[in-house]
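Let's learn how to read a fold together, one feature at a time.

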Amino acid sequence: MDKNRIATQMRRLTLIGLCALLLGILSLGSVVVAQDATDVLVWSMGYSGTYDDILVERFNEAHDDVNIVYEDVLTGDFTENNQKVRVAMENAAGPDVLGGVDTGANLQALVATGQVRDLTEYYRESGLIDRIPDNLLAQVTVEGRIYAIPQNMESVGIFYNKDAFAELELEVPTSFEEYIAVLEAVKDAGHYGYTMGLAGGWPSALMASMFMYSSAGSEYIDVLSGTQPWTECDNCLDGLNAFYGMVANGYANPEPLGIDYNQSLDLFYQGINLMVLNGPWFIDDANAANPDFEIGFFYLPAVNANTDIKTLGGIGGSLIVAEYADVDAAFKLVDWLTTEELAVQTLRDVAVLPAFSITVPEDIPPLYYQIASETAANVDKIGFWPVTYLPPKVFGDMNQIVQGMIGGMLSPEELLSEMQKTHSTYLAEN
């Protein structure tokens, strides 16, 4: 073979080799690009479906290395959704990150699957442990370890028709006696002061709990936790009597068991009822309803002036990370969800107050500002939702039992007796 032919073949082989090498590099590069953005499966961001979509879009636009894959699969009721999450996580087939998780019994059930990541070290390394109040931190701690991040803080109070109050020359009450006087004045003027719609159960147990906290304070937490009998809580009974008085004395709208929550709000928007017990989520509902009057807010004055709990509320939802999730990608999302910048934006967008401390912006609507500021200032005086302590079944039974009292089938004393029976039975069987 002559030297020229050999040289030609060598050049050809070299060119082929370079092409192959280049193709290999390009192929490798395409693999790197495909793997560069790590997917994080999310079933809920912890807000409304519409706002969840907005947050997913914002995150994905701002991050190249992590991509949220959002699946709106939690379409059942409270019990169905919790069961779906537990089963999926037990089989390592659920979401990598999940928002809106209820604390208490539900969080404990998820932790029992062994698939919820222990976030204790993350709290310390990120500094989050210094940003969340101790009483909120305790609600996401299981056997000394932290498994969730409180997302938002909620407190319940009285929203009222400011125009009607001005017309009737009523002042915001500062004691329960003054509150009753306002209710009497509203009744004399041909309106109803207390809005109540309990068809379907919700929010029967929450309203009753509001009044029991208002009378018994932390003692009611002992009752909910099962360490004190319901029937031995005299202050709880005083609170229940005050709650039942809303119906018995004609302060509440007629037939509260015949209308549901949304129908009861319509009575408020129409100016028939002048006050409604509700939480900060109500602001968005009210804005959408656009009533022709200005809305104000105050905390329900305590039934017992010596109570150490100012109002009902607590953690609205919490965030968990699955044990099987990609740690770096999942924490990238968690870092973003716990920034003050996003928290302030969420407060502006949907009136949701974060569970960690922020500087409440003064340029938000006055009602937003008042509720956010007062909730933050009273975070240590807020009694947690009853479902935080009660097993879901007992909480469901409580809704029905409270309905029985409002319907006149049970006295307040009998309600406490029934709650003791159902609570004791559950604890004995589980």
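Q: What am I looking at, to start with?
A: This is a predicted model, where local features need pLDDT of at least 70, side-chain atom pairs count only at pLDDT 80 or more, and totals for chains, interfaces and linings use all residues. Residues are numbered from 1 along each chain as its sequence is written, and side-chain values use heavy atoms, with hydrogens and water left out.

Q: How do α12 and α13 cross?
A: Two packed helices are described by the angle between their axes and the distance between the axes. Here, the axes of α12 (residues 261-269) and α13 (residues 282-289) come within 11 Å and cross at roughly 60°. Axes are lines fitted to C-alpha atoms, for helices over the stretch in contact, and angles run from 0 to 180 degrees between N-to-C directions. Helices (H or I, at least four residues) and strands (E, at least two) are DSSP runs, numbered from the N terminus.

Q: Which residues make that contact?
A: Contact means heavy atoms within 4.5 Å. From α12 come Tyr 261, Leu 265, Phe 268 and Tyr 269, and from α13 come Phe 282, Asp 285, Ala 286 and Ala 289.

Q: In what order do the strands of the open three-stranded sheet lie?
A: Strands pair if DSSP finds at least two bridges between them. The order is β8-β7-β9, with antiparallel pairing. β8 (275-278) and β9 (295-298) are at the edges with a single partner strand each, so one side of each has no neighbour in the sheet. From one strand to the next, the twist averages 30°.

Q: How many bridges join β7 to β9?
A: Four bridges link β7 (residues 157-161) with β9. Phe 159, for example, has Phe 297 in β9 as its bridge partner.

Q: Which strands does α12 lie across?
A: α12 lies across β7, β8 and β9, and runs at about 145° to β8. Helix α16 (residues 366-377) also packs on the sheet, where α16 touches β7 and β9.

Q: Is Leu 300 buried or exposed?
A: Buried means under 20% relative accessible area, exposed over 50%, and partly exposed in between (1.4 Å probe, protein chains only). Leu 300 has a relative accessible area of 4%, so Leu 300 is buried. You'll find Leu 300 in the loop between β9 and β10 (311-321).

Q: What does Leu 300 contact, leaving aside its neighbours within four places in sequence?
A: Leu 300 is in contact with Ile 158, Tyr 179, Met 210, Phe 211 and Lys 310. Phe 211 is 89 residues from Leu 300 in sequence, yet their C-alpha atoms are 8.9 Å apart in space.
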